[in-house]
2 protein chains.
Amino acid sequence: MTPKAPGKVWLVGAGPGEPGLITVRGLSVLSRAEVVLFDALAHPALLDACPDAEQHNVGKRYGEDSAAQAAIIAQMIELARQGKRVVRLKGGDPLMFARGAEEALALAAAGVPFEIVPGVASPVAASAYAGISLTHREVSSSVTFITGSDRAGKEWSPESWKKLATATDTICVLMGMRRIKEITQAIIDGGRAPSTPAAVIHWVRAPSSAS
Amino acid sequence: MTPKAPGKVWLVGAGPGEPGLITVRGLSVLSRAEVVLFDALAHPALLDACPDAEQHNVGKRYGEDSAAQAAIIAQMIELARQGKRVVRLKGGDPLMFARGAEEALALAAAGVPFEIVPGVASPVAASAYAGISLTHREVSSSVTFITGSDRAGKEWSPESWKKLATATDTICVLMGMRRIKEITQAIIDGGRAPSTPAAVIHWVRAPSSAS
């Protein structure tokens, strides 16, 4: 009996909203997958690239829980040890405010070969489709991406927002709707002019908004 | 004589380094281009997608000058007015620390239809390939992308870097090598521990480093 070739995991960024925003490399890796574990934020049409692959929806959204995350990691490791080509397909970029880092660390600890295929991060796409540059030579030489949601084990506090208010040019808050009033108030209290232009962008390039 | 159909400009992010990091949509638009104006930072192999298109290298790197930028903009407008399908191919994302915003504004002012196709920003790809997550749930809930180069008409000053030092979690400096000592010193003076892990990443996923 020949030993089974070792498996591998690809953490692939699907990009946000429309399927064409995945990278060429990401789509190529996906088309050769034997198993796909996909997120709620990855576009379902992308799965047409791997019709013969086992497909598991492991999507979780608000209130991500650690048990679910641990189960996904355990499943990836188990499948790779069976010699499978596993794609973990995540919305946006796998590392930017996703949990790809935790997944990569767990794979490395388990000795499972893996590769990260970057993707178009959702705020970057939001900028393109809303026609709002996050950096413009004459206006903004820095942009901060920050989560508006509470971090595990940390109380939300206005202090860090006040500090950020004038330390960076463009502030781009992800997952911030639930605290939007407190966040904007803290940024204003921190010294940012209330007249600063702002935009709220929702479901970037999702099918219902596609032109 | 039938009137010529109006042209259009696509500002397309090529992604950094390797050609597979362009998006599927970006490649599709590129393959249908009649004229391509490409940057030094866009991978030359991408031009294989449009062998019959007119190809112009309009690359400029350090010391970008406004005259060169104005000439590129004038060329795009002129070509689109001739009814051409013009692709402006830029490394990384067209808007993130590129001059896509200036180009888009000029196209809008000239009444030329255009579309921005986002790309994988170079620091996002750097993160993936270096295996360093810019945000990790337990460690970093914000990341700031900032240019280390001087802005037009502004003196470089350590004050803004000191302020940023503790206002954000991860600091990602683009085009910062020429001032790396002053920048790191200002960040330390601003209160960031000198023991903070740091990485310098150069030519992300450029051919010489491809595996």
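User: How many residues of chain B are in contact with chain A?
Analyst: In this predicted model, 49 residues of chain B are in contact with 50 residues of chain A.

User: And what area is buried between the two chains?
Analyst: About 4,300 Å² is buried between chain B and chain A. Carbon and sulfur atoms give 62% of that area.

User: Which elements of chain B touch chain A?
Analyst: Five names to look for. The elements giving two or more residues to that side are α1 (24–31), α3 (100–110), α4 (122–130), β6 (142–147) and α5 (158–165) of chain B. The largest share comes from β6(B), with six residues.

User: What classes of residue are on that side of chain B?
Analyst: There are 24 nonpolar, 14 polar and 11 charged residues.

User: How many salt bridges cross the interface?
Analyst: Zero, by the rule used here. Polar contacts do turn up: 17 residue pairs between chain B and chain A, with both residues at pLDDT 80 or more.

User: Back to β6. How does β6 of chain A run against β6(B), parallel or antiparallel?
Analyst: Antiparallel. Five bridges join strand β6 (residues 142–147) of chain A to β6(B).

User: Which residue stands opposite A:Thr144?
Analyst: B:Thr144, in β6(B).

User: What rotation puts chain B on chain A?
Analyst: A rotation of 180°, with 0.0 Å of shift along its axis. The RMSD is 0.0 Å. That is the relation of a two-fold axis. Both copies use the same surface, too: 100% of the contact residues of chain B recur in chain A.

User: New topic. How many salt bridges are there over all chains?
Analyst: A search of the whole structure finds 18. One of the pairs to look at is B:Glu115 with B:Lys8, which form a salt bridge. Their closest N and O atoms are 3.2 Å apart.

Methods. Residues are numbered from 1 along each chain as its sequence is written. Chains are lettered from A and ligands numbered from 1 in the order in which they are written. This is a predicted model: local features need pLDDT of at least 70, side-chain atom pairs count only at pLDDT 80 or more; totals for chains, interfaces and linings use all residues. Side-chain values use heavy atoms; hydrogens and water are left out. Contact means heavy atoms within 4.5 Å. Buried area is the accessible area (1.4 Å probe) that two parts lose on being put together, summed over both. A salt bridge is a side-chain nitrogen of Lys or Arg within 4 Å of a carboxyl oxygen of Asp or Glu. A polar contact is a pair of N or O atoms within 3.5 Å; within protein, one must be able to donate a hydrogen and the other to accept it, and residues adjacent in sequence count only if both atoms are side-chain atoms. Helices (H or I, at least four residues) and strands (E, at least two) are DSSP runs, numbered from the N terminus. Ala, Val, Leu, Ile, Met, Phe, Trp, Tyr, Cys and Pro count as nonpolar, Asp, Glu, Lys and Arg as charged, and the others, Gly among them, as polar. Two strands pair if DSSP finds at least two bridges between them. Copies are superposed by least squares on the C-alpha atoms of residues with pLDDT of at least 70 in both.
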